[in-house]
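Here is a friendly walk through one protein model, arranged so that you can follow along in your viewer. Please keep the sequence and the structure open side by side as you read.

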Amino acid sequence: MSLLSIEDLKVTFATRRGDVEAVRGISLEVTKGEVLGIVGESGSGKSVTSYALMRLLESNGRISGGDLTYGGVDLRVVPESTMRDLRGREISMIFQNPRAALNPIRKVGHQIEDVLRRHARATRFTAKREAIRAMEAVKIRDAEARYHAYPFELSGGMCQRIVIAIALACDPKLLIADEPTTGLDITTQKAVMDLIADLIRERGMSAMVITHDLGLAAQYCDRIAVMKDGVIVEEGLPEKLFSDPSHPYTRKLVDATPRADASIRSLLPPEQRTPEPSLTEVTAPLLQVRNLVKTYQGKSGPVHAVKGISFDVGKGESVGLVGESGCGKSTTSSILVRLDDATSGEILFNGDDLAKTSARTFARDPRRASIQMVFQDATDSFNPRHTAGQSIAEPLKRLTGLTGDQLSLRVEELAELVGLPLPLLNRFPHQLSGGQKARVGIARAIGVNPDFLILDEPTAALDVSIQAIVLNLLVDLRQKLGISYLFVSHDLHVVRLLCDRVIVMKNGEIVEEGPADQVMSAPSHPYTRTLLSAAPHPPALTVSVPSAAE
C-alpha cells in the first residue's frame with residue numbers, strides 16, 4: 001500500500017537568467033515499510049525532490065507542477081500550520097551536514113526536547129527523560145552525560161546520531177535521509193546506516209535514502225531510482241540495476257565506483273580511457289619519518305595523537321595513509337607539511353631533519369616549496385574573495401617571486417595541466433563545481449614544483465565520476481612531474497588505485513603496512529579487515545574479505 005505518491009513533480013527556481021527547472025516531471029511512490037533509494041550526482045535533483053516534499057524549498061523555488069500525496073493528504077495545498085505539524089510527527093528528515101543542522105550554542109539534549117514538546121510528545125516535566133530515551137534509542141552511550149554536550153564537543157558520527165534521534169523522536173512514519181553519511185569515516189558510516197536500518201525495521205517505518213554512493217544504496221535499499229538532470233532515468237531492484245544497468249548513465253556510475261577488480265582507467269567512460277599508466281620507478285627515500293610523537297594537553301590529561309610512528313616515502317612513490325577519524329592520520333599530515341610541530345621524532349627530507357625547524361619558522365624557509373598539500377575541503381581552503389586564478393597565483397607570488405606576465409602565463413599553464421578551462425580562472429569558489437575546485441587546489445599545490453605532495457581526502461566529497469577524473473589526473477601528474485604522494489584517506493579501494501604501498505593507522509599507531517594489492521587482498525591485521533568489510537559495494541562489484549586463516 002502506497003504511503004507516499006509523487007506524480008509528475010516539477011520544481012522551478014527563479015534566477016537572474018530566468019526560470020530553471022531543477023526537477024522535470026518525476027513520478028515515484030514509497031510503500032509502507034519500504035526503503036527507496038534515490039541515487040545520482042550533484043545537481044541531479046535528488047535533494048530538491050526531498051525539500052519539495054517537505055515544503056522547505058528556498059524562497060526562489062516553487063513546485064510548478066505535479067502532485068505530492070502523503071497518506072491521502074495533498075502536501076501541495078495543506079496550510080503551513082498543518083505542514084509544520086506533519087514535519088517531525090509524520091515525515092522527518094536527516095540532513096546531509098549534521099553539524100550545520102544542529103544549533104551550535106544549545107545543548108544537544110535541549111534540541112531533542114524542542115521537537116518532543118513541539119509535537120506534544122513530552123511536557124516540560126517529562127522532556128528531559130524522553131530526550132535521553134531518544135538518545136539511548138540511537139545507541140548513544142552514557143546518554144545522560146551526552147545530553148548536556150554542545151555539538152562542537154561531539155564527533156561527526158555522534159552528531160549524526162543526535163540528528164537521527166531528533167528525526168525519530170516523534171516516531172514518524174516516513175524518514176528522508178539526505179546523504180546521511182557524507183564526511184563520515186567508513187566504519188562510522190556503516191554503524192550509522194546499520195542503526196538507521198535497524199530503527200526503520202523495528203518501527204515499521206518507510207524511508208527515502210538519497211545518496212551518490214551506489215554501494216550504500218545497494219546494501220540498504222529495497223528499490224532504487226537513478227536521477228540525472230532532474231529526471232528519473234532508471235528504476236528497479238538493486239541487484240538488477242547494478243549488475244545489468246539498462247541506461248548509459250547508470251552504467252557510468254557503476255563503472256566509476258572504485259572496487260577491488262578495477263583499474264584506474266576503467267573508472268573513466270570508454271571514450272576517455274587511455275592506456276593504463278606504467279608504475280613509477282621508486283628510487284631512494286625522499287621522506288624518512290622516525291619515532292614521530294604528538295601529544296596534546298587535554299582537559300583531563302595528555303592526549304597521545306601520534307605514538308612514535310616510523311615510515312618512508314621513496315622518490316616518485318605514492319603511499320596511502322588510511323584509518324578512521326581520530327586515528328592520527330591528519331595530525332601526521334599537518335606535522336609533515338610543517339603546519340604543526342611534533343612533540344618528538346625526526347622528519348628527514350632529503351636527509352635534512354625538518355623537525356628541527358619550527359612550523360612558524362618553516363613558513364619562511366626555502367624548503368617550504370618542496371612540500372605542499374591538497375586539503376580535504378577545497379571550499380574552506382580558498383579565500384572566497386579570490387578568483388580561481390588568484391588562488392593559484394598566491395603561492396607562486398610568495399614562494400617563487402613571479403609577477404606580471406610571467407605569473408599569468410604560469411597560472412594558465414597550471415590550469416591547462418590540471419584540465420581546468422581557462423575561462424574558469426575568473427570565477428570565484430562559489431561559482432565552481434566540486435571537481436573544478438579540486439582541480440584548482442591541485443594546480444595551486446603543484447605550481448611551486450614540489451617534490452612531495454600530501455593529499456588529504458581530496459576526493460571524499462566528490463561524485464564518483466568526478467572522483468574518477470581527479471584520481472586519473474593525479475596518476476598522470478605523478479608520471480609527468482615525478483612527485484611523491486602521501487594520500488590520506490579512509491577508503492582503501494581508492495587508495496589501492498592510486499598507491500604503491502598502504503600504511504594503516506589506528507589510535508595513533510601503525511598497525512599494518514605493505515604493498516597496496518597485498519594489504520587489500522590479504523590483510524594481516526583485524527582492524528584492516530574491519531575497514532575492508534565496512535565498505536559497501538553494489539552487488540555486481542561485491543568483494544570478499546579474507547579471513548585471518550586465509
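This predicted model contains an open sheet of 6 strands with mixed pairing, in the order β16-β17-β18-β13-β19-β20. The edges of that sheet are β16 (371-374) and β20 (509-515), each of which pairs on one side only. On average, and with direction ignored, neighbouring strands of the sheet are turned by 20 degrees against each other.

- Strand β13 (residues 318-322) and strand β19 (residues 501-506) run parallel and are joined by 4 bridges.
- If you want a residue pair to locate this pairing, take Val319, whose bridge partner in β19 is Arg501.
- Helix α12 (residues 329-336) lies across β13, β16, β17 (452-456), β18 (484-489) and β19.
- Relative to β18, helix α12 runs at about 150 degrees.

- β11 and β14 pair in the antiparallel sense, with 5 bridges between them.
- Within this pairing, Val293 stands opposite Ser344 in β14.
- β14 also pairs with strand β15 (residues 352-353), again in the antiparallel sense, over 2 bridges.
- Leu348 has Asp353 as its bridge partner in β15.
- The hairpin of β14 and β15 has 2 residues between the strands, and Asn350 in this hairpin takes a positive phi near 50 degrees.

**Aromatic rings**

- A pair of aromatic rings is described by the distance of the centres and the angle of the planes.
- How many aromatic pairs does the model have? The count comes to 3.
- Tyr51 and Phe95 form a stacked pair, because their ring centres are 6.4 Å apart and their planes stand at 20 degrees, under the 30 degrees that stacking requires.
- This pair links distant parts of the chain: Tyr51 belongs to helix α1 (residues 46-54), while Phe95 is in the loop between β6 (91-94) and α3 (98-101), 44 residues apart.
- Phe349 and Phe452 make a tilted pair, with 6.4 Å from centre to centre and 45 degrees between the planes.
- Distant parts of the chain are linked here too, with Phe349 in strand β14 (residues 344-349) and Phe452 in strand β17, 103 residues apart.
- Both Phe349 and Phe452 are buried.

**A charge over a ring**

- Which ring does the charged end of Lys228 sit over? The ring is that of Tyr249, and the charged end of Lys228 is 5.6 Å from its centre.

- The buried residues in helix α15 (residues 388-399) are Ala388, Gly389, Ser391, Ile392, Ala393, Pro395 and Leu396.
- As a guide to reading such a list, an α-helix has 3.6 residues a turn, so residues three or four places apart point the same way.
- The elements covering the buried residues of α15 include α16 (404-417) and α17 (434-446).
- After α15 comes Gly401, with a positive phi near 80 degrees.

**Positive phi in residues other than glycine**

- Asp8 is not a glycine, yet it has a positive phi of about 50 degrees.
- Asp8 is placed in strand β1 (residues 2-15), and it counts as partly exposed because its relative accessibility is 37%.
- Asn291 also has a positive phi, near 50 degrees, and is a residue other than glycine.
- The place of Asn291 is in strand β11 (residues 285-298).

**Cysteines**

- The disulfide count for this model comes to 0.
- Cys499 is in no disulfide, and the nearest cysteine sulfur, that of Cys327, is 15 Å away.
- For a disulfide, the two sulfur atoms would have to be within 2.5 Å.
- Cys499 counts as buried because its relative accessible area is 7%, under the 20% cut-off.
- Cys170 is buried too, with a relative accessibility of 0%.

How values were computed:
Residues are numbered from 1 along each chain as its sequence is written. This is a predicted model: local features need pLDDT of at least 70, side-chain atom pairs count only at pLDDT 80 or more; totals for chains, interfaces and linings use all residues. Side-chain values use heavy atoms; hydrogens and water are left out. Two strands pair if DSSP finds at least two bridges between them. Axes are lines fitted to C-alpha atoms, for helices over the stretch in contact, and angles run from 0 to 180 degrees between N-to-C directions. Contact means heavy atoms within 4.5 Å. Rings of Phe, Tyr and Trp (its six-membered ring) pair if their centres lie within 6.5 Å; planes under 30 degrees apart count as stacked, over 60 as edge-to-face and the rest as tilted. Buried means under 20% relative accessible area, exposed over 50%, partly exposed in between (1.4 Å probe, protein chains only). A charge sits over a ring if NZ of Lys or CZ of Arg is within 6 Å of the ring centre and within 35 degrees of the ring normal.
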